[in-house]
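Open the model in your viewer and follow the stops below. Each one says what to select and what is there.

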Amino acid sequence: MKGIFPINKFRDLRTPFYYYDTKVLRDTLACIHEEVAKYGNYAVHYAVKANANPKVLAIIRENGLGADCVSGGEIHAAIKAGFPADKIVFAGVGKADWEINLGLDHDIFCFNVESVPELEIINELAGAKGKMANVAFRINPNVGAHTHANITTGLAENKFGISMQDIDHVIDVAQGMKNVCFIGLHFHIGSQILDMGDFVALCNRVNELQDKLEARRIRINHINVGGGLGIDYGHPNRQPVPDFQSYFELYDNHLNLRPHQTLHFELGRSVVGQCGSLISRVLYVKQGTNKQFAILDAGMTDLIRPALYQAYHKIENITSDDQMQTYDVVGPICESSDVFGKAVDLNGVRRGDFIALRSAGAYGEIMASGYNCRELPKGYTSDELV
């Protein structure tokens with residue numbers, strides 16, 4: 001376990017910081033490429049919101065993925081990293097005018113549209129530039145995903161997407177516009193999904209909607225099923241690369257894709273989640289009344305997921321082989337929720353030990369904040385620390 005980290009290189013770095021194992025990342029991307037190659041009409045866009053570290057983005061772009069962006073800043077980051085504009089899709093329930101104009105100026109592949117008012121603004125802004133904007137409609141399929149409530153996005157009660165019963169009207173509106181071209185349908189039901197039945201339910205909804213639209217002689221060229229595939233937070237070493245074979249095979253088996261159609265995916269967590277770890281030093285070991293605390297120099301400002309979602313990250317003392325003891329692992333932030341794990345068994349902890357919070361490559365560094373006037377953590381790759 002400890003051998004996967006270049007601990008001697010860590011000693012010269014200021015903690016906390018993010019460490020990205022590029023072998024794990026490249027192995028993951030190679031697996032995606034191998035599986036997608038089995039199907040001639042699959043396209044994968046990396047969800048930039050998961051991790052926008054420039055060095056990570058560069059490796060993903062080098063491996064041929066497109067980019068899924070949800071803000072103008074992410075479009076900037078993708079373009080700067082070298083992602084081709086014709087492989088960029090732009091989603092989001094609240095696109096500002098400047099963000100839409102940025103997408104238009106770069107001639108991105110597609111806007112994933114979530115409402116008629118948004119469609120009207122895209123048409124207006126595209127018209128002002130004398131351009132045609134490709135649009136796909138994000139459909140809310142009312143499919144529940146077996147995941148945390150805060151990362152479920154496909155239910156009727158969620159803010160995302162257009163309801164299935166409204167799609168006929170929205171398509172009619174689009175077809176009457178001069179500066180938008182309706183090219184596809186977009187879906188995304190949530191994140192960290194491990195129950196493959198959720199994706200089967202999504203396929204059934206897509207099939208139902210496709211049949212309905214084809215009865216109206218409406219041709220759909222692109223189907224985008226979003227992302228959502230989860231990772232194994234409990235055993236990052238045992239399963240560093242998710243089961244992409246079963247994931248892509250599921251869509252081949254259950255989605256009635258037409259011969260002329262391209263199937264798009266927007267994978268984020270499953271691409272980068274397992275390659276990243278938050279590395280922290282122990283500041284103090286504190287004996288409480290009923291428990292002992294390992295107090296780290298990393299806090300919820302550096303990795304907010306445990307405080308925000310009650311998310312689990314495997315915690316390891318990577319500098320100790322001492323006998324196991326039990327600790328509450330906490331940070332220095334002035335919030336009671338600044339806790340990474342309670343009753344965590346770790347090799348005996350001393351001041352200065354390096355603690356690794358595993359599976360932190362997704363929604364870790366990108367969600368860091370400056371609360372308590374703290375500096376943002378830096379990110380390093382294994383390529384840099386050879």
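Helices (H or I, at least four residues) and strands (E, at least two) are DSSP runs, numbered from the N terminus. Colour by these runs: the chain has 11 helices and 17 strands.

Before selecting anything, note that this is a predicted model, in which local features need pLDDT of at least 70 and side-chain atom pairs count only at pLDDT 80 or more, while totals for chains, interfaces and linings use all residues. Residues are numbered from 1 along each chain as its sequence is written, and side-chain values use heavy atoms, with hydrogens and water left out.

**Whole chain.** Show the C-alpha trace. Along the principal axes, the C-alpha atoms fill a box of roughly 70 × 40 × 40 Å.

**Two domains.** Select 7-17 + 275-384 as domain 1 and 22-272 as domain 2. These bounds come from an automatic or database domain assignment. The domain centres, taken over C-alpha atoms, are 33 Å apart. Now select the contact (heavy atoms within 4.5 Å). Domain 1 gives 23 residues to it, and domain 2 gives 23 residues.

**The interface.** About 2,000 Å² is buried between the domains, with 51% from carbon and sulfur atoms. Buried area is the accessible area (1.4 Å probe) that two parts lose on being put together, summed over both. Select Cys275, Tyr309 and Tyr363. They supply 30% of the area that domain 1 buries against domain 2, more than any other three residues.

**Salt bridges.** The rule is a side-chain nitrogen of Lys or Arg within 4 Å of a carboxyl oxygen of Asp or Glu. It finds 2 across the interface of domain 1 and domain 2. Next, show the side chains of Arg26 and Asp383: they meet in a salt bridge (3.2 Å, N to O). On the side of domain 1 that touches domain 2, helix H11 (305-309) and strand S17 (378-381) each supply at least two residues.

**Backbone stops.** Most residues other than glycine have a negative phi, and most peptide bonds are trans. Go to Tyr363, in the loop between strand S16 (354-357) and S17. Tyr363 has a positive phi of about 60° although it is not a glycine. Finish at Pro16, in the loop between helix H1 (7-10) and strand S1 (17-20). A cis peptide bond joins Thr15 to Pro16, with omega about -5°.
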